[in-house]
Amino acid sequence: ESRAALATWNGPGRTADGVPVKILANVADGASARTAAEAPVQGVGLFRTELSFLNRKEEPSVDEQAAIYREVLDAFGADRYVVVRTLDAGSDKPVAYATLDGEENPALGVRGLRLSFDNPGLMDRQLDAVAQAAKEAGTEAWVMAPMVATVAEATDFAAKVHERGLTAGVMVEVPSAALLAHRMLEVVDFLSIGTNDLTQYTMAADRMATDLAHLTDPWQPAVLQLIAITAEAGRQAGKPVGVCGEAAADPLLACVLVGMGITSLSMAAAAVRPVGARLATATMDVCEEAAEAALSAADPTAARDAVRALLL
Ligand code: PEP
Ligand code: MG
């Protein structure tokens with residue numbers, strides 16, 4: 001799309017023929033939220049709460065956590081919403097008061113939601129803090145858990161979130177969750193696909209390993225298939241399914257995701273205009289054709305080429 005279209009695109013997210021797609025921001029704290037709130041986004045699709053606690057030795061009190069969450073909620077006010085992710089500590093993001101020392105294989109260890117198996121109070125206090133912050137701010141808060149692998153985990157998590165009057169979802173970043181998306185959607189209100197980890201765990205390739213970049217590519221056909229399964233489950237359930245990993249920030253791939261049935265795209269603020277402007281040039285029919293072409297391509301290069309040819 002032209003530089004002019006990029007500069008003038010001002011939201012809200014929609015295809016060329018007017019199908020709405022929520023364009024949302026990924027944020028880490030109050031400061032990044034205030035910056036993101038200036039962009040034409042309908043809210044936050046991923047608030048990475050653990051990033052506020054990476055250098056803490058002790059768990060912050062409920063009041064202190066609520067104050068931190070409140071800053072992000074306040075940046076978006078009453079007419080936008082914020083998806084708060086519960087603590088995704090462990091693996092590449094150790095949090096001193098939460099994570100275990102000396103795991104041999106931390107990416108496959110006790111990370112994300114799994115921390116609450118032996119320490120349910122940690123999750124309870126965080127959910128109390130989110131509920132308190134949402135009430136004070138008057139901003140709609142949705143809450144989702146990272147690293148969910150089973151329907152039982154989703155069921156327990158959703159019960160805790162619903163008890164507090166909030167909207168509950170889980171992240172799809174483990175292949176098991178994608179394969180069971182239809183059953184996950186029987187117990188939660190929405191799904192959000194974390195393509196960074198979904199790619200890592202589907203391809204068994206460390207997302208940080210630059211040598212493996214050809215494998216840690218969300219255009220890999222196996223990753224696209226799992227995303228399509230998840231999106232289709234959302235369509236059938238009539239519930240929102242978003243993407244909040246790096247894949248959502250790729251304008252071509254964003255059109256493919258929308259063609260699969262993805263209802264929101266959440267990304268770094270810098271990607272909002274390129275993605276929004278590109279999506280505005282493609283009709284839903286073209287997005288669906290792009291999705292089919294990408295899914296049937298032999299490899300990432302062929303998928304990109306096929307989609308580029310359709311969208312230009
Ligand atoms: C992801 O895994 O795609 C994701 C959005 O979460 P994070 O990058 O914080 O692991
Ligand atoms: Mg992740």
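Let's start with helix α13, which covers residues 284–296 of this predicted model. Its 13 residues reach 18 Å from the first C-alpha to the last, close to the 18 Å expected at 1.5 Å a residue. Now look at which of its residues are tucked away: C287, A290, A291, A293 and A294 are buried. Seen down the axis of α13, these buried residues fall within an arc of 165°, so they line one face of the helix. Turn to the other side of α13 and you'll find D285 and S296, both exposed. And what sits over the buried residues? The cover includes α10 (221–237), α11 (251–260) and α14 (300–311).

Next, head over to ligand 1. Around it you'll see L46, R48, D88, E173, G194, T195, N196, D197, C244 and G245. Two elements give two or more residues to this shell: β2 (43–48) and α9 (195–203). Of the elements, α9 gives the most, with 3 residues.

Finally, have a look at strand β5, residues 167–172. Here 5 of the 6 residues are buried, so β5 is largely enclosed by the rest of the structure. Strand β5 has a partner, too: β4 (residues 140–145) runs parallel to β5, and 4 bridges join them.

Definitions and conventions: Residues are numbered from 1 along each chain as its sequence is written. Chains are lettered from A and ligands numbered from 1 in the order in which they are written. This is a predicted model: local features need pLDDT of at least 70, side-chain atom pairs count only at pLDDT 80 or more; totals for chains, interfaces and linings use all residues. The expected span of a helix is 1.5 Å times one less than its number of residues. A residue is buried if 20 or more other C-beta atoms lie within 10 Å of its own, exposed if 12 or fewer, and partly exposed in between; C-beta atoms are placed from the backbone. The arc is that of the directions from the helix axis to the C-beta atoms. Two residues are in contact if their C-beta atoms, placed from the backbone, lie within 7 Å. A residue is near a molecule or strand if its C-beta atom, placed from the backbone, lies within 6 Å of it. Two strands pair if DSSP finds at least two bridges between them.
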